[in-house]
Amino acid sequence: MKVKFHLEKDKQPTSDNGMKIIYGSAKRGGYRFRWYCILALVLSPILIMAYVFFQQYILTLAPGIITTSPVVITALKTVWLQL
């Protein structure tokens, strides 16, 4: 013979001994924020290593010369011969 227990919690999970229990949905935000913080902590070294790899091996960086004095560029005048 199988015995089944029917608890009042199964029928009405929002009440306990006749008193209404209100669950706050605002408390779930803390868990989500904590999960995102842990995810950022785990992924940040990977992202930093990818950035360093990108800077060293993908980008081509070269030193440049910056002049502060004006440079005069002139073009030669050429005369075409008319035949």
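Helices, in the sense used here, are DSSP runs of at least four residues, numbered from the N terminus. With that term in place, I turn to the structure above, which is a predicted model.

The protein chain contains two helices and two strands. Read from the N terminus, these elements follow the order α-β-β-α.

How confident is the predictor? The mean pLDDT of the protein chain is 79, and 77% of the residues reach at least 70. Among the elements, helix H2, residues 28-58, has the highest mean pLDDT, at 90. Helix H1, residues 8-11, has the lowest, at 68.

Next, the surface. Of the 83 residues in the protein chain, buried residues account for 1%. The chain exposes about 9,400 Å², and 67% of this area is supplied by carbon and sulfur atoms.

Which residues form a nonpolar patch on the surface? They are Trp-35, Tyr-36, Ile-38, Leu-39, Val-42, Leu-43, Ile-46 and Leu-47, and together they have about 820 Å² of accessible area. One of these residues, Val-42, is located in helix H2.

I close with the aromatic rings. The count of aromatic pairs is one. The pair is formed by Phe-53 and Tyr-57, with 5.1 Å from centre to centre and 45° between the planes.

How far apart are Phe-53 and Tyr-57 along helix H2? They are four residues apart in that helix, so about one helical turn separates them. Phe-53 is partly exposed, since its relative accessible area is 46%. Tyr-57, with a relative accessible area of 59%, is exposed, because the cut-off for that class is over 50%.

Definitions and conventions:
Residues are numbered from 1 along each chain as its sequence is written. This is a predicted model: local features need pLDDT of at least 70, side-chain atom pairs count only at pLDDT 80 or more; totals for chains, interfaces and linings use all residues. Side-chain values use heavy atoms; hydrogens and water are left out. pLDDT is the predictor's confidence in each residue, from 0 to 100. Patches are made of residues with over 30% relative accessible area and no salt bridge: like charges are joined within 9 Å, nonpolar side chains (Val, Leu, Ile, Met, Phe, Trp, Tyr) within 5 Å. Accessible areas come from the Shrake-Rupley method with a 1.4 Å probe; for residues, only the protein chains shown count as cover. A salt bridge is a side-chain nitrogen of Lys or Arg within 4 Å of a carboxyl oxygen of Asp or Glu. Rings of Phe, Tyr and Trp (its six-membered ring) pair if their centres lie within 6.5 Å; planes under 30 degrees apart count as stacked, over 60 as edge-to-face and the rest as tilted. Buried means under 20% relative accessible area, exposed over 50%, partly exposed in between (1.4 Å probe, protein chains only).
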